[in-house]
Amino acid sequence: FKAAGGFWTVALNERFDFNIVAPKAIIDLLNKGLDDGSKLEFSHLRFDVRAYQELSVGYSLNLTDDISVGARVKLLSGIMATKTDISSLLLTTNRNEWTIKANATYNMSIPLKIVENDDGTISLDSIEFDNGKIGQMFVPLIFNPGLAIDLGANYKINSQMSASAALTDFGGIIWNKRVNSIKVNSTYIYDGINVDISNFDDVDVEEEFNHITDTIKTELNPHSNGGTFATRMQPHMYVGFEYSPVEQLHLGFLSRTSFMMSGVNQDFVLSANYKPFKVFGITNGFNINTKGCFTTNLGWELNMGPVQLYMMMENIPLAYRKYHIKDNRFTLPNNMCELNFNMGMNLVFGTKKDKQK
């Protein structure tokens with residue numbers, strides 16, 4: 001709505017972010033196995049999840065006929081989260097033994113039941129959901145407070161060209177409800193298993209493997225380490241240019257820098273938006289990521305008076321590879337940095353007959 005010389009927006013969103021990182025050591029393990037003298041560092045391993053509610057108020061203003069600026073303040077309420085903090089996770093091998101050194105903390109804001117042993121350690125297999133508290137996760141705007149802001153500006157160079165810049169999701173959330181943390185800081189040495197070679201066919205490999213993993217879970221001495229923790233948002237910085245040779249066609253170039261939980265991700269996007277009719281428009285584009293991903297974008301919009309429907313999928317992989325493991329065949333992308341999918345409905349109020357406004 002219009003007020004105080006500018007345009008205001010109010011929104012309530014449910015958002016879900018996740019960040020999964022598989023370190024290079026996993027690829028080396030699959031490709032090379034565990035040779036004598038191997039040294040594999042897994043400290044970049046991540047599995048971070050965050051679900052939260054967002055109540056935002058935005059304001060935009062035309063400073064001149066060519067320059068407009070805007071800001072949005074967002075009150076956040078965390079629903080659930082996990083946060084990986086690994087200082088060191090190192091596996092070294094030699095002919096006589098394997099050594100695992102771990103110093104890591106896994107923070108969670110999830111209703112869980114964690115039973116501590118008399119010595120302060122916990123059994124990872126005993127962890128389960130606290131069903132009585134799951135409903136509390138979805139009480140709106142109550143738990144785990146946070147704050148974030150968006151900033152943006154647009155400059156109209158001429159009737160066919162414009163430039164814009166924006167910083168979104170700058171802020172964070174403090175998780176102080178339903179907090180559980182598991183901390184590991186120890187060393188485990190594995191010196192093999194005893195196998196009777198004369199009866200090797202009778203060895204249950206799966207059972208032996210499960211025994212190893214169970215031993216590792218115990219020997220690493222996991223402890224419960226509750227307490228408040230914080231997660232920052234994943235800010236994005238955009239710089240873009242748009243050129244419109246005709247009214248129905250808009251060509252764009254966008255630099256998008258994503259400050260993810262595990263590092264910085266840089267994309268360059270070429271896009272074409274074509275709107276042959278007032279009620280329908282389509283978009284297509286290509287993404288080039290500095291980490292080697294080359295993907296495409298597809299989307300459409302349908303405008304029916306005050307109701308606008310839209311769907312958009314970004315970073316669709318273009319190259320795929322077939323895999324065959326035992327009797328299973330499946331197809332996966334050659335590489336994929338991220339995949340975004342958006343769909344929704346906008347209700348537009350206060351539309352004017354003057355299309356330029």
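Strands S19 and S22 (residues 340-347) pair in the antiparallel sense over 8 bridges; two strands count as paired if DSSP finds at least two bridges between them. Within this pair, Leu-309 stands opposite Met-345 in S22. The model is predicted: local features need pLDDT of at least 70, side-chain atom pairs count only at pLDDT 80 or more, and totals for chains, interfaces and linings use all residues. Residues are numbered from 1 along each chain as its sequence is written, and side-chain values use heavy atoms, without hydrogens and water.

S19 (residues 307-317) also runs antiparallel to S18 (residues 294-304), joined to it by 9 bridges. Here Trp-300 has Met-311 in S19 as its bridge partner. The two strands S18 and S19 form a hairpin with 2 residues between them, and Gly-305 in the turn has a positive phi of about 65°.

Strand S19 also holds Glu-314. Glu-314 counts as buried because its relative accessibility is 19%; buried means under 20% relative accessible area, exposed over 50%, and partly exposed in between, with a 1.4 Å probe and protein chains only. Apart from neighbours within four places in sequence, Glu-314 is in contact (heavy atoms within 4.5 Å) with Arg-256, Thr-296, Asn-297, Leu-339 and Asn-340.

The protein chain as a whole has 2 helices and 22 strands. These are DSSP runs numbered from the N terminus: helices are H or I with at least four residues, strands E with at least two. Of the 357 residues of the chain, 30% count as buried. Among contacts in the chain with a separation of 6 or more, 61% come from residues 24 or more positions apart.
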